[in-house]
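Please examine the sequence and the structure shown below.

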Amino acid sequence: VGEALIRPSLKSSDSLAVHWVIKAGSIKMIEVQEENKDTESSIGKKLKIKDQVYGSIDELLGRHISPMNDHVEKLMSHRKWMDLPEDEVDEKLKEMKQKNPAGTYYQICWLEMNPGYATLRYVMNTAPKHYTIGITPKGFALGAKTYKTLDKLLDDFKKNSRRMQH
């Protein structure tokens with residue numbers, strides 16, 4: 001868990017594939033564009049993931065993968081974390097709602113079909129709903145906004161849950 005395997009990408013000779021192990025059995029593939037290559041078989045002097053540029057593999061691991069590992073650790077130790085599949089979390093939320101209909105209940109778990117993403121599950125009325133949370137080097141992404149901490153994301157959810165972007 002937290003390890004990254006880097007190998008040539010099958011998509012292009014000018015890219016690398018980072019296979020990031022998020023949890024046992026869950027691997028996210030991150031495409032890295034290479035620029036300024038000396039030869040076809042060398043690694044580019046510039047490595048790009050979206051709008052971020054790195055000068056070496058060590059820098060990419062230190063500034064991209066390592067912070068995401070830290071965020072995964074924070075996510076999984078958060079008081080609202082449940083290490084259960086989404087449908088089981090939804091059932092638990094429905095049970096909480098039945099016991100106290102006036103409350104709004106929410107938990108976080110992995111988005112099983114999309115490695116590298118978590119899901120904020122909640123029940124306001126009767127039907128469970130959710131928001132997808134991305135894990136980035138800068139924090140936790142919900143819609144177009146990135147939060148430095150999970151608590152800031154949850155505070156925003158509690159204040160604006162009816163107006164937030166899915």
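Helix α1 covers residues 57-76, which makes 20 residues, and it reaches 27 Å from its first C-alpha to its last, close to the 28 Å expected at 1.5 Å a residue. The expected span is 1.5 Å times one less than the number of residues. Helices (H or I, at least four residues) and strands (E, at least two) are DSSP runs, numbered from the N terminus. The model is predicted: local features need pLDDT of at least 70, side-chain atom pairs count only at pLDDT 80 or more, and totals for chains, interfaces and linings use all residues. Residues are numbered from 1 along each chain as its sequence is written, and side-chain values use heavy atoms, with hydrogens and water left out.

Helix α1 has a kink of about 30° at I65, shortly before the proline P67. The bend at a residue is the angle between axes fitted to the seven residues ending there and the seven starting there. Both I65 and P67 are buried, as are L60, H64, M68, H71, V72 and L75 in α1. Buried means under 20% relative accessible area, exposed over 50%, and partly exposed in between (1.4 Å probe, protein chains only).

The sheet is open and has five strands in the order β6-β7-β8-β9-β10, with antiparallel pairing; two strands pair if DSSP finds at least two bridges between them. Because β6 (105-110) and β10 (145-147) stand at the edges with a single partner strand each, one side of each is left without a neighbour in the sheet. Neighbouring strands are turned by 30° against each other on average, direction ignored. Axes are lines fitted to C-alpha atoms, for helices over the stretch in contact, and angles run from 0 to 180 degrees between N-to-C directions.

Within the sheet, three bridges join β8 (residues 128-136) to the antiparallel β9 (residues 139-142). The bridge partner of I135 is F140 in β9. Helix α1 packs on the sheet and touches β6, β7 (117-123), β8 and β9, its direction making about 145° with that of β8. Contact means heavy atoms within 4.5 Å. Helix α3 (residues 150-160) also packs on the sheet, touching β6, β7, β8, β9 and β10, and its direction makes about 140° with that of β6.

Most residues other than glycine have a negative phi. N36, which is not a glycine, has a positive phi of about 60°. N36 lies in the loop between β3 (26-35) and β4 (46-49) and is partly exposed, with a relative accessible area of 48%.
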